[in-house]
Amino acid sequence: MSEMICSTCMYHCRLKAGQTGKCRVRKHVNGRIICGNYGKITSLALDPIEKKPLKRFHPGSHILSVGSYGCNLSCPFCQNHEISMKTEEEVQSVYVSPQSLCEKALQLVPYGNIGVAFTYNEPMIGYEYVRDTARCCREEDLKTVVVTNGSVFLEAAAEVMPLIDAWNIDLKGFTDEYYRKLGGSLDMVKEFIREAVRHGHVELTTLIVPGENDSDGEMEALAAWVSSVSPEIVLHVTRFFPNWKMTDRGPTDVNQVYHLAQIAGRHLKYVYTGNC
């Protein structure tokens, strides 16, 4: 077969043998689309659960946070661009099997660890590793958390959703235009959020970027929609700081972050500010 189409996300990359998709992870090998970063770890840290951020899921606990490389969005302000925007050849990684990662998480239980969080880069483009590790964690009564942009089709997510205890999903903004700038699809993320709520605890993060998604009307629409899915969903309204390719503007005004959080609070029970 000369070409295969990857069906994991909105790009539908057409890949010749040996080619890797825009995400830098999905790869055409021997007539199959495989997860090229399976078990290839670039980052490992025991973090407070609140750092994910998760405010209403086992507060006060810690979680073993793990990252690989690659992402299928192109956010110009990415704070983890050193790994998310890189290929395998451009990063240093160590192979850690799902079983070994689960064992490491168990060793850290005496230090307050409750499980494994997939974060730092985009975990769902390598969903097979998330799935297999989550199965190991469930057998050991450990929790699995995923921090994601929610930009994959539900067919891929279906293998993972029932195994995940908590999600933090980036809801970048609430216009199709803004998502197109970032290389994504608002409808895809909305569909992902609706499905995630059916399976586990969900918190959302919206980074407020000056001049992009910081209007009262957009936050009003965003919060109203989230409430229509479930008023119990937690929303983090977070302050932007210049990073990577977006250094043409200053940090978000703190008062604007608080103001937008107040608007969101008209619709949602749990709204928190971040980076303020």
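How far apart are the mean positions of the positive and negative charges of the protein chain? In this predicted model, the 29 positive and 32 negative charges have mean positions that sit 2 Å apart. That gives a starting point for the overall picture of the chain.

The protein chain is built from 8 helices and 14 strands. Its radius of gyration comes out at 18 Å, which agrees with the value near 19 Å that a compact globule of 276 residues would have. Laid along the principal axes, the C-alpha atoms fill a box of roughly 50 × 45 × 35 Å. Of the 276 residues, 52% count as buried. As for how the chain meets itself, take the contacts between residues at least 6 apart in sequence: 69% of them join residues at least 24 apart.

With 6 of its 6 residues buried, strand S9 is largely enclosed by the rest of the structure. Strand S9 pairs with S7 in the parallel sense, over 4 bridges, and here His-62 has Asn-113 of S9 as its bridge partner. Strand S10 (residues 143–148) also pairs with S9, again parallel and over 4 bridges. In that pairing, Phe-118 stands opposite Val-146 of S10.

Strand S7 itself covers residues 62–67 and holds Ser-65. Ser-65 has a relative accessible area of 0%, and is therefore buried. What does Ser-65 touch, once residues up to four places away in sequence are set aside? The list runs to Ser-43, Leu-44, Ala-45, Asp-47, Lys-52, Ala-117, Thr-119 and Tyr-120. Pro-53 belongs to the loop that runs between strand S6 (43–48) and S7.

Some backbone angles also stand out. Most residues other than glycine have a negative phi, and most peptide bonds are trans. His-12, however, has a positive phi of about 50° although it is not a glycine. The setting of His-12 is the loop between strand S1 (3–5) and strand S2 (14–16), and a relative accessible area of 39% makes His-12 partly exposed. Trp-244 is another case, with a positive phi near 50°. Trp-244 is found in the loop between strand S13 (234–239) and helix H8 (254–264), and with a relative accessible area of 28% it counts as partly exposed.

A positive phi turns up in a hairpin too. Strands S3 and S4 form a hairpin with 2 residues between the strands, and Asn-30 there takes a positive phi near 50°. The two strands run antiparallel, with 4 bridges joining S3 to S4 (residues 32–35). Within this pairing, Arg-26 has Cys-35 in S4 as its bridge partner. In a regular strand the side chains alternate between the two faces of the sheet. Strand S3 (residues 26–29) has a covered face made of Arg-26 and His-28, while Lys-27 and Val-29 make up the uncovered one.

Leaving aside neighbours within four places in sequence, Tyr-178 is in contact with Phe-77, Lys-172, Gly-173, Val-209, Glu-212 and Asn-213. Between Tyr-178 and Val-160, 18 residues apart in sequence, the C-alpha to C-alpha distance is 28 Å.

Glu-139, by comparison, lies in helix H3 (residues 127–139). The relative accessibility of Glu-139 is 69%, so this residue counts as exposed. Glu-139 and Cys-71 are 68 residues apart in sequence, and their C-alpha atoms are 29 Å apart in space.

Methods
Residues numbered from 1 in each chain as written. Predicted model: local features only at pLDDT ≥ 70, side-chain atom pairs only at ≥ 80, totals over all residues. Heavy atoms only, no water. Rg over C-alpha atoms; globule rule 2.2 N^0.38 Å. Buried < 20%, exposed > 50% of the residue type's maximum accessible area, 1.4 Å probe, protein only. Contact = heavy atoms within 4.5 Å. Lys, Arg positive; Asp, Glu negative; His and termini not counted. Charge placed at Lys NZ, Arg CZ, Asp CG, Glu CD. Pairing = 2+ DSSP bridges.
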